[in-house]
Amino acid sequence: MPKPIVLHIGEPIKYNQDFYENEFCKRFQVVQNDCPDRATFVQALKDEKYGNFSAIYRPHFQTGGEMGDWDDELISLLPRSVRIFASAGAGYNWADVEALGRRKIWYANGAGASDEAVSDTALYMVLSVFRNFTRAQLAARTCDPEKFTACHKLCATISANPRGHVLGIVGLGNISKKLAYKAKMALGMDIHYYDVVRAPENVEKELGATFHPSLHSLLGVSDCISLHTPLNKHTQDLINTEAFAAMKPGARLVNTARGQVVNEEALVEALNSGKISAAGLDVHYHEPQVSKELAAMENVTLTTHISGGALNTRINFELNAMRNILAVVGEDGGFIGEPFTPVNKKAFEEASS
């Protein structure tokens, strides 16, 4: 019996060579996409260049995107044999996962692989917006004794310890649960959260987390908001002028989710007016272009979308995508189970019923 085919998009395996050769390639025949752009990729699908492949494998989230967004045009051209699209990375705003589900194709992301790295980065951002670390770093790097002394004096009058303050979490997933635990245990913060689905009672008890039934209810009590929601049509510009108006005066904002969850113009206005006192942003609305207005503000901590950027994350992204395919596709190319990190479970199950 011929092996099921896996279409590999993006760069080759880098970290898990033994698992790839001794586990993955024993089960599957891997074919590499060599199309440099969307037009040639579309034609390749129409010509059935890759055969009746059973899975799509994207092990590195910074490569394999030469065909652009996975929308209805691409998805409609996939052979009926496809069972799963397994990708590195936590975000999936470039793929219509609901459309994949309607075609009975699982979409599995890299959830779990970046939990420690992203939650650590969010924790750093929380510390920075309370303690004005970016302002102090900028002053120190001038090597100017007068600016050093001035910032030394100023920071003591405008900074606060996070302990006893409310950390409001938007989206209580695996990453933000880790952040909640770290912020509570290490920093002594009170945890509140909003999510469209309330967490089980035992999870709330373990984290000491207070649930809010609406976003604006959470915003009204939080001293610092940390965003952990995927980007989709419901969450784009979620934090807008109305949301900032609902926040406590002097509140702080941290975003390690996706840049377009926060309306950048509204954020600049809220910072300029003093409505919020500081922001920490790892992600940006027009990424990789950073807002020049935000970059000029000493009370804004900025990084280059590196919250998940640890070697451990890359290794596990690559490995977990293979494991997801192994869990779903059998030796005959049919379904044998579910992926470990499904994103479109509801759409898939509705299509299967």
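Student: How are H5 and H6 oriented to each other?

Tutor: H5 and H6 are roughly perpendicular to each other. Here 65 to 115 degrees counts as roughly perpendicular, under 35 as roughly parallel, over 145 as roughly antiparallel, and the rest as oblique. Keep in mind that this is a predicted model, where local features need pLDDT of at least 70, side-chain atom pairs count only at pLDDT 80 or more, and totals for chains, interfaces and linings use all residues. Residues are numbered from 1 along each chain as its sequence is written, and side-chain values use heavy atoms, with hydrogens and water left out.

Student: What's the angle between H5 and H6, and how far apart are their axes?

Tutor: Helix H5 (residues 115–131) and helix H6 (residues 133–141) pack at about 75°, and their axes are 6 Å apart. The axes are lines fitted to C-alpha atoms, for helices over the stretch in contact, and angles run from 0 to 180 degrees between N-to-C directions. The labels come from DSSP runs numbered from the N terminus: helices (H or I) have at least four residues, strands (E) at least two.

Student: Which residues meet there?

Tutor: From H5 you have Tyr124, Leu127, Ser128 and Arg131, and they meet Phe133, Thr134 and Gln137 in H6. Contact means heavy atoms within 4.5 Å. By type, the residues of this contact are three nonpolar, three polar and one charged.

Student: What sits in the loop between H5 and H6?

Tutor: Asparagine 132 lies in that loop. Its phi is positive, about 60°, although asparagine 132 is not a glycine.

Student: Is asparagine 132 buried or exposed?

Tutor: Asparagine 132 is buried, with a relative accessible area of 8%. Buried means under 20% relative accessible area, exposed over 50%, and partly exposed in between, using a 1.4 Å probe and protein chains only.

Student: New topic: how many residues does the largest nonpolar core have?

Tutor: That core has 28 residues, and those with the most contacts inside it are Leu227, Phe244, Met247, Leu253 and Leu267. A nonpolar core is a set of buried Ala, Val, Leu, Ile, Met, Phe, Trp, Tyr and Cys residues joined through side-chain atoms within 4.5 Å.

Student: Let's jump to H14. What span should its 18 residues have?

Tutor: At 1.5 Å a residue, helix H14 (residues 311–328) should span 26 Å, and its end C-alpha atoms are 27 Å apart, which agrees. The expected span is 1.5 Å times one less than the number of residues.

Student: What do the buried residues of H14 pack against?

Tutor: Their partners include strand E1 (5–8), helix H1 (17–27) and H5. Phe317, Leu319 and Met322 are among the buried residues of H14.

Student: Where is histidine 305?

Tutor: Histidine 305 is in the loop between strand E12 (300–302) and H14. Its phi is near 50°, a positive value in a residue other than glycine. Histidine 305 is partly exposed, at 31% relative accessible area.

Student: Last one: which residues does a cis peptide bond join?

Tutor: Glutamate 287 and proline 288, with omega about 10°. Proline 288 lies in the loop between E11 and helix H13 (292–295).

Methods
Nonpolar A, V, L, I, M, F, W, Y, C, P; charged D, E, K, R; others polar.
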